[in-house]
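Please open the structure in your viewer and keep the sequence panel beside it.

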Amino acid sequence: MRASQKKAKLKAKATTFIDPFVDFSFKRLFASDESKPILIGLLNHLFVGRKLIKSIEYGRNEYPGENAEEGGAVIDVICTDADGSKFILEVQRGYQKYFKERALFYASRVISEQAPKGGRKDWAYELTEVYLLAFLEDFNLPDCSRTEYVQDICLTNRYTGKIFYDKLGFIFIEMLNFVKKPDELETNLDKWLYALKHLTEFKKRPQYLSGPEFDQLFNLASYANLTKKEKEMYNTSLKYKWDNKNVLDYAIGEAETKGKAKGIAEGIAEGKAKGEYAKAIEIALKLKAKNTHLDEIAELTDLSIEEIEALV
């Protein structure tokens with residue numbers, strides 16, 4: 001085992017609370033029946049004064065294209081409230097070239113799925129609200145203020161600033177911009193973001209993060225409360241995150257050495273081509289040997305079910 005792998009393994013075991021921004025943890029904290037109070041609380045703090053969400057139901061997270069050749073969308077978490085509003089939740093660790101387009105594509109998939117297979121004349125395009133909420137862990141949106149940590153985007157008139165359509169929205173939470181200290185937490189949303197950003201740093205739950213929602217958050221986030229299998233899944237998911245970060249760090253270092261901006265893109269492409277896919281295959285093979293469910297392997301490795309089934 002390499003030194004970096006040993007360090008990753010030790011760090012994962014020494015953490016009192018899990019990293020919320022890896023696939024396993026994000027779904028544990030926001031996409032299970034136990035986590036419904038957590039998600040309802042977070043949504044209400046984000047939409048305070050605009051919506052009051054009392055209950056949610058989780059939906060399927062895969063939206064295929066209308067035909068075999070058309071690409072689909074796989075969403076981290078999607079849920080619907082009692083009024084029919086749909087919420088897409090994503091965590092993005094690093095910047096993607098077409099990140100905004102990706103967000104629009106995902107939201108569009110959820111919108112287009114509302115169309116009935118027949119009888120569209122009677123339906124008359126009566127759409128429910130769709131919102132995409134994305135936690136941006138290690139990057140900022142281009143051309144946005146570095147003093148704001150919540151970017152609330154909607155369709156507006158370019159000249160008047162008036163909202164053109166209020167049933168589609170994008171909320172981007174830029175964790176890099178959230179730099180408040182415990183004595184600066186003014187709102188419940190501040191407390192939530194502070195808890196999520198610093199979760200792995202806590203040795204025990206701070207007194208200033210109190211209430212039923214935080215009871216559930218810290219209970220689900222406790223590493224000690226994971227089963228043996230869940231710990232294996234978490235450690236694998238965490239290591240996969242660190243491996244991807246190492247690829248990015250290497251690419252940035254190469255760009256600085258070469259002195260050209262395109263070195264970052266070249267380095268990422270080269271690193272992923274040589275290491276990321278191979279690492280995903282390696283992890284998938286180990287999980288298959290332990291008879292892990294194919295859906296769980298797909299979540300942890302980003303491989304398709306077909307790719308995993310073909311592994312021997």
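Begin by selecting helix H6, residues 188-197, which is mostly covered, since seven of its ten residues are buried; here helices (H or I, at least four residues) and strands (E, at least two) are DSSP runs, numbered from the N terminus, and buried means under 20% relative accessible area, exposed over 50% and partly exposed in between, with a 1.4 Å probe and protein chains only. The buried residues of H6 to highlight are Leu189, Asp190, Trp192, Leu193, Tyr194, Ala195 and Leu196. Show next what covers them, which includes helix H2 (23-30), H3, S6, S7, strand S8 (163-174) and helix H7 (212-221), where contact means heavy atoms within 4.5 Å.

Before going further, note that this is a predicted model, in which local features need pLDDT of at least 70 and side-chain atom pairs count only at pLDDT 80 or more, while totals for chains, interfaces and linings use all residues. Residues are numbered from 1 along each chain as its sequence is written, and side-chain values use heavy atoms, with hydrogens and water left out.

In soluble globular proteins, nonpolar side chains tend to be buried together. Which residues does Phe87 touch, not counting residues up to four places away in sequence? Centre the view on Phe87 and select Leu43, Phe47, Lys51, Ile53, Val77, Ile78, Cys79, Asp81, Tyr131 and Leu133, which are its contacts on that count.

Next, select Ile40, which is found in helix H3, residues 36-46. Ile40 counts as buried because its relative accessibility is 16%. Draw a distance from the C-alpha atom of Ile40 to that of Ser55, and the two will be separated by 6.9 Å, although the residues are 15 apart along the chain. Leaving out residues up to four places away in sequence, Ile40 touches Ile53, Lys54, Ser55 and Ile56.

On a 1 Å grid over the protein atoms alone, a cavity is a set of points where a 1.4 Å probe fits but cannot get out, and lining residues have an atom within 4 Å of a point; grid points are joined across faces, edges and corners, and a volume is the space filled by probe spheres set on the points. About 40 Å³ of space lies in the largest cavity, and selecting Glu90, Phe99, Arg102, Ala103, Tyr106, Leu132, Ala134 and Phe172 shows its lining. Helix H4 (99-112) gives the most to this lining, with four residues.

The cysteines make a further stop, although a search of the whole structure finds zero disulfides, a disulfide being a pair of cysteine sulfur atoms within 2.5 Å. Cys79 is buried, because its relative accessible area is 0%, whereas Cys154 is partly exposed, with a relative accessible area of 32%. Cys144 lies in the loop between S6 and strand S7 (150-156) and counts as partly exposed at 24% relative accessibility. Leaving aside its neighbours within four places in sequence, Cys144 is in contact with Gln151 and Glu174.

Finish at Ala124, in the loop between helix H5 (120-123) and S6, where Ala124 has a positive phi of about 60° although it is not a glycine. Tyr125 lies in the loop between H5 and S6 and also has a positive phi of about 60° without being a glycine. Ala124 counts as exposed at 53% relative accessibility, and Tyr125 counts as exposed at 62%.

Definitions and conventions
1 Å grid on protein atoms, 1.4 Å probe; cavity = no way out; pocket = protein on both sides within 12 Å on 5 of 7 lines; lining within 4 Å.
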